[in-house]
Amino acid sequence: MVGRIVRDVQGHIGFAWCEAVESGQAHLRYIDLPGVREEVRKVPIGRVRLAKLDHGARVWVRSTTFGWMAGEVAGHLSHGRYLVRLPAVSGDIALEERHLLVRWNQPLADPVGAVAHGFCDSPEYYEARYRFLDQLVHQRGVARGFTAALSAPIALYQHQLDTAARVLADPVPRYLLADEVGLGKTIEAGLVIRQMLLDDPEATVLVSAPAELTSQWEEELHDRFLLGEEIDEGRLQLASHEQLADDPSLGQLALVVVDEAHRMVDLLDRTPALRQNLLQSRALLLLSATPMRRNYATFLDLLNLIDPVAFPRNDIKGFRERVEQREREATGLQLLSSPRTARRHRLSVLNNLELLHGTDPTVLRLVQECRSEQDGASPLWSDLVNYVRETYRVSRRMIRHRRNTPATEEYPVAGRRTVFVRLDDPARPIVDTFLERYQEHLGGRDSRSLYARAVLNGLGGPRVLLRHLQLRLAASAGSHDFVPPHDRPLLKTAVARLQLVNTSVRLRSSLEVVQDRLDQDLKVVVVGTSPDTAREFYQHATARWPGRVGRHFGGAGQSDHEEVVWDFLSAPGGQVLVGDQSLEEGRNLQDAHVLVNLDLPLDPNRLEQRIGRLDRYSQRPGAAEIVVFAEPDSDWVSSHLRLLTDGIGIFAQSAATLQHRLAELLDELSQRLQHSGRHAFEFDLDELRANLEEEREEVDLLEEVEAGALTSHFDQAAVVELREAERNVTALREAFSRLVGRRGGVGIRSYEDPDKGLLHFGPEIHGLPADAVEQLRPLLKRPRAYGRDASIARRGAAPLRLGDPLVDWLARYLQRDERGRAHAFVRSCSAVEVPTLWLHCDFLVEFDASHAQVTSEAERRRLRRRADALLPPAIVRNWTSASGPAPGSLVRDVLGLPFSPGSDQVLRGELWEQVLSALPDWQQLCQMAGEAAQDLLRTSPALASAPAAAAKRAQAEVGARLSVLRARSERLGSAAERLSAQLDLNREEAIGQALVRGVSTPAVQMTACGGIVLWPAS
């Protein structure tokens, strides 16, 4: 084996030369470049194997004059010989293995040394690569290292990016994501999932959701986050809540995500092992839009899962008192935040804060300063508000955004616009009369649920009530729906009267409404509380509009539902989707235009869920149209609509935050119906409206004070910068086109569709070794897009950004491939009288992660993302000679011009004789010019000022976090909360120290060096 090219089977070294074997160990000489960097390691002989160079492998061959010539393997011969293709040499030449030099599989450590020793490429390799490498550094900087967001075909919104950044920056990523309905919790969770899978190739993530939503999650992860391959490979798993209960491996996963987490609380009580498994999981995201106010037991359960130290389950009373105190505190903080608040009210709030937090010296100091402050706009008031708000949050691990706040104001939520369609139904009096008589007939008997169901079906129209009564009369004895003998005559009479009249007015009107919207090419969702009504409408609709109607009824498989919804949303022109209540839960129908309500549920929360399918994130212009049928001549229908419209206001704005109060309202309504009939709907609407508004304000106050942290991990300025970079794709297009070209590039055939803006790739790949071609070819199947909008518009297309498998592969390949990193050529120049050497050096300046005690690549990336926000990575280029920097005019007019194959000559072969004759101290000149480049770098802003400014920002950021955590660890009410804060404090202190050190003394790497010999023009 001695004297043969071998490979270390650990794989992280690549090719090396075995120079000796002794005592069962191979002496491997890992070669960067001879005379520049070599390293000998002893490796057990069993861990080494002979290496056969692949077709296209990069090799160096010693030149007979000076230095080395770069070539590539063109074929294999017997006895360890190779056919090698060399530039400027006609035909392939046969060389023995001992004449070939193969660098180890690491980035070139000393480009200046490479140029000095004659390891020089054509500058075409450099020119084909450097612009693309610049783009990668720029992308990393503007995205703060969040490549998951960069490479997913999603729109970029501040509150979602900041949420993902907060979770991913935390050493203990356990959070409750509680955004209001429609603000994109799925997107936030998807960003975290994608980033964790990108950070750690060995990571496995599990997503659990109610059974009816698992297929929708799979579609989102597959299409919106392009994680289909991870799903197929098992790195990304999906399970229903019930399936999760049987999974004992949760503690081994990198991340567990639970959607609709509040619906899992009962399951946790039935399966204690599941609760324990979730508590032991390394990272946990719970998703729930349920408002915090009044849901004390549920929220304590959820907070216990993410932070069991701070929120023990056996202290529900203490938790309730904590939340109620925060509610009271929120009102006072709102008063202090307004410059218009009267001074006497301010002083009253200050007194209350002093009573609540009298042991906190910071609160006492700020209160005293505010007492003497007369100006309501003084920053002292916001200092106090921000300190109390952040320090005494119920949980720093709950993130909740609401609509119509600064963080979400640009997020395009569709909104709702209600249209009331008048019905004059001749059968309606029969329905109303029956409801009145049925109430009287029941008298004092406790039949609340039966009567409430009769009212629900009666409000749905004559046809719905007829079907309901027929089913009840057919029910067998002993069943809940069985009609006792003394009630049967009344029901039979109503059925007979309804059978004698036309009961299809509502159905015909619904069909006409839908026809009008289809004529406008709109997508219409039609929902009925009564499954029979929905099915009947579907039958008429399919006969009237064949091929344009889909159905979504309970009992069908989830995959069938997903396919129907996809067909409805993706088909061109007007389409109809008909469903029952199975369509009200969890479906994303924001791309639909119209919701037609065949009837209305009694439960306002169910109605809000139904409307919320359309009133959520949407890129289309205009609010969702909500069609409701009104019957002015019916006291029953009118009373119900007045309650919904004038009391609750559900048709004008979202009522999602009023879930608890609306549930109480439904319970009260159900109790009143049998005793009061239609008058049950006649609440004091002014009082109800005021109570609901007060509840809304209390919820908003509590959630505003508990929402996000004071410091953003991804603030609005960062989003503006990112979007601006995303809009300007010209430089990316030019850089990538040059990279994949055949002159010095990697030789990938590509074609951009000008109509769709998508980039497609052909099967031909030139200029890469065979093993690299094998790795790269599968990555070319998916279309890419330079523009983000083009990738969003086309299912399965990916933005050409860091985080995409193709771009990441190219980044890794270009990092270890030295082509162009050391190059030299001769250029004729009339401005010089003697040959002169100039060096062009590229430096990468970035956060130095060596100060951090990290144990995994995922931890290192997490820390680097925080650092990139403080000190974005930068490329610095300069031109120097042994005498110092090049004049700007010389760079502009001569040195900085592109390489010209017609007039410039690559420095290799016999040309070395002329150059070394004119510059006999070549190596010394290279060394001195390289040192001058290092000196010039130290005076550049990237090293002279940026690190100090970044360190100052880092100290301020870390100091602010530590101040809050320290105060929480000392001042929170319970020992459990203080202990949890202390643990957070300890982790943040270690991270903060590494962060400050790493940005104040950044890492510097020379990535490329090019030499130009200016030769006097003849």
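Trainee: Is phenylalanine 736 buried or exposed?

Mentor: This is a predicted model, and the answer follows from a computed value. A residue counts as buried when its relative accessible area is under 20%. Phenylalanine 736 has a relative accessibility of 0%, so this residue is buried.

Trainee: Which residues touch the most other members of the largest nonpolar core?

Mentor: Phe736 is one of them, together with Ile193 and Leu285, in a core of 73 residues. Isoleucine 193, with its neighbours within four places in sequence left aside, contacts Val205, Val207, Trp217, Leu221, Leu227, Leu236, Leu255 and Val257. Apart from that core lies another, of 59 residues, which includes Tyr438, Leu473, Leu491 and Val527.

Trainee: How many aromatic pairs are found in the whole structure?

Mentor: A pair of aromatic rings is described by two quantities, the distance of the centres and the angle of the planes. The search of the whole structure finds 17 aromatic pairs. In one of these, the ring centres of phenylalanine 66 and tryptophan 912 are 4.8 Å apart and the planes stand at 65 degrees; planes over 60 degrees apart count as edge-to-face, so this pair belongs to that class.

Trainee: Where do phenylalanine 66 and tryptophan 912 lie in the chain?

Mentor: Phenylalanine 66 is in the loop between strand S6 (58–62) and strand S7 (68–76), whereas tryptophan 912 is in helix H34 (residues 911–918). The pair thus links distant parts of the chain, 846 residues apart. Tryptophan 912 has a relative accessible area of 1%, so this residue is buried.

Trainee: Why is the pair of phenylalanine 736 and phenylalanine 761 edge-to-face?

Mentor: The planes of the two rings are at 75 degrees, with the centres 6.3 Å apart, so the pair is edge-to-face. Phenylalanine 736 belongs to helix H28 (residues 730–739) and phenylalanine 761 to strand S24 (residues 758–765), so the pair ties together parts 25 residues apart in sequence. Phenylalanine 761 is buried too, because its relative accessibility is 15%. One aromatic cluster is formed by Phe132, Phe736, Phe761 and Tyr786.

Trainee: Which ring lies under the charged end of arginine 346?

Mentor: The ring is that of tryptophan 381, whose centre is 4.5 Å from the charged end. Another such case is arginine 58, which lies over the face of tyrosine 125 at 5.8 Å from the ring centre.

Trainee: How many disulfides does the count give?

Mentor: A disulfide is a covalent bond between the sulfur atoms of two cysteines. Here the count is zero. For cysteine 926, the nearest cysteine sulfur is that of cysteine 1009, 6.9 Å away. Cysteine 926 is buried, since its relative accessible area is 0%. Cysteine 1009 is likewise in no disulfide, and its nearest cysteine sulfur, that of cysteine 841, lies 4.1 Å away. Cysteine 1009 is buried because its relative accessibility is 0%.

Trainee: In what order do the strands of the open sheet of five strands run?

Mentor: Strands of a sheet pair through backbone hydrogen bonds, either parallel or antiparallel. In this sheet the order is S9-S8-S7-S6-S10, and the pairing is antiparallel. Strand S9 (93–96) and strand S10 (100–101) are the edge strands, each pairing on one side only. Strand S8 (residues 81–85) is joined to S9 by four bridges, and arginine 81 stands opposite glutamate 96 in S9.

Trainee: Which strands form a hairpin with three residues between them?

Mentor: They are S3 and S4, and glycine 35 in the turn has a positive phi of about 80 degrees. Strand S3 (residues 25–33) and strand S4 (residues 37–44) are paired antiparallel over eight bridges, with arginine 37 as the bridge partner of leucine 33. Seven of the nine residues of S3 are buried.

Trainee: Which residues of strand S14 are on one side and which on the other?

Mentor: In a regular strand the side chains alternate between the two faces of the sheet. In strand S14 (residues 255–258), Leu255 and Val257 are on one side and Val256 and Val258 on the other, and all are buried. S14 runs parallel to strand S12 (residues 205–209), to which four bridges join it; leucine 206 stands opposite valine 256. Three bridges join S14 to strand S15 (residues 284–287), also parallel, and valine 258 has leucine 286 as its bridge partner in S15.

Key: Residues are numbered from 1 along each chain as its sequence is written. This is a predicted model: local features need pLDDT of at least 70, side-chain atom pairs count only at pLDDT 80 or more; totals for chains, interfaces and linings use all residues. Side-chain values use heavy atoms; hydrogens and water are left out. A nonpolar core is a set of buried Ala, Val, Leu, Ile, Met, Phe, Trp, Tyr and Cys residues joined through side-chain atoms within 4.5 Å. Buried means under 20% relative accessible area, exposed over 50%, partly exposed in between (1.4 Å probe, protein chains only). Contact means heavy atoms within 4.5 Å. Rings of Phe, Tyr and Trp (its six-membered ring) pair if their centres lie within 6.5 Å; planes under 30 degrees apart count as stacked, over 60 as edge-to-face and the rest as tilted. Helices (H or I, at least four residues) and strands (E, at least two) are DSSP runs, numbered from the N terminus. A charge sits over a ring if NZ of Lys or CZ of Arg is within 6 Å of the ring centre and within 35 degrees of the ring normal. A disulfide is a pair of cysteine sulfur atoms within 2.5 Å. Two strands pair if DSSP finds at least two bridges between them.
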